[in-house]
Amino acid sequence: MSLDKLICEMRKAIDLLKGYGTQLVHVIHHDDADGVTGAAIISKALERAGFNVKRICIEKAYPEVIRRLHRSRGEVYVYVDIGAAHAQLISRENAGKNLTIILDHHDAEPSTDELVLNLDPELYGFSGESEVSGSTTTYLFARLLSDVNKDLAFLAVVGSMEIPGNLRGLNREALKDALELGEVSVRKKGAEEIYHVKKEGFKGNAKSLSSMLTVLASVGYYRGGPELAVKACLEGFRSHIRKLVDEFREERKKVMWSVIRRLKMKGLEE
């Protein structure tokens, strides 16, 4: 594992970003809690640095989406919790036209374009399945952008809840920052650690908050859910957002039972 090398490459990416000559950054992010918290982290960090942010939420790195995005020239794209496994496709479509930064934790392949910077810790010896989430990767980048972004550590903790077990590896580093600021507390239940977020407007069990964000962004995908989820990360869960989450959960439950009934009646077809 080489954290020093990863940090060095992140610093290079930040220098390129600051000197690229455009203030608009397109953030492309996944639609689960890890992607949403990562999008919130990078959006806040970039805005604090004087950039304007436009977010695009996608469920998969569809080739059609990548091709359409990278037709442009002179843009800045930041992929959050998505894209690392398609770095070569992104490189081919980009062909040196746009500065592209990938902040992910899934299985990764190296970039073949000098302007496509794949900063997935998987390429530096860390396990994306157990040691680092997409939101933690994004948080590390945000911390290097400015120390003021340390107050976003709690979001990396929430995003990391998709990884089973106690937080470890790089995820533990984000937890340490959140604990230091008093934004997260840890309670032991046997060998299990339970993480509780104490941020005003965003208080609660980290796993529960993670579940709420995923429901809001994915079930509500075509109804502004991803943007509402990012807003909840930065401004807290308002009462109308919590009500929406309950409605979306009920909606998802009905769809699931409908599918189960249909399968029981008709079975599976190959």
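Is lysine 188 buried or exposed? Lysine 188 is exposed, at a relative accessible area of 54%. That value counts as exposed because the cut-off is over 50%. The model is a predicted one.

Lysine 188 has a charged partner. Glutamate 193 forms a salt bridge with lysine 188, and their closest N and O atoms lie 4.0 Å apart. The partner sits in another setting. Glutamate 193 has a relative accessible area of 11% and is buried. Buried requires under 20%, so glutamate 193 falls in that class.

Move on to glutamate 200. Its side chain meets that of lysine 203 in a salt bridge, at 3.8 Å from N to O. Glutamate 200 is exposed, with 66% relative accessibility. Lysine 203 is partly exposed, with a relative accessible area of 46%.

Now turn to helix H10, which covers residues 239-266. Both glutamate 250 and lysine 253 lie in this helix. They are 3 residues apart, about one turn of the helix. Their side chains meet in a salt bridge, with 3.9 Å between N and O. Glutamate 250 is partly exposed, at 37% relative accessible area. Lysine 253 also counts as partly exposed, at 44%.

Salt bridges can also share partners. Arg143, Asp147 and Asp177 are joined into one network in this way. In total, the structure holds 15 salt bridges.

How values were computed: Residues numbered from 1 in each chain as written. Predicted model: local features only at pLDDT ≥ 70, side-chain atom pairs only at ≥ 80, totals over all residues. Heavy atoms only, no water. Buried < 20%, exposed > 50% of the residue type's maximum accessible area, 1.4 Å probe, protein only. Helix = DSSP H or I, 4+ residues; strand = E, 2+ residues; numbered from the N terminus.
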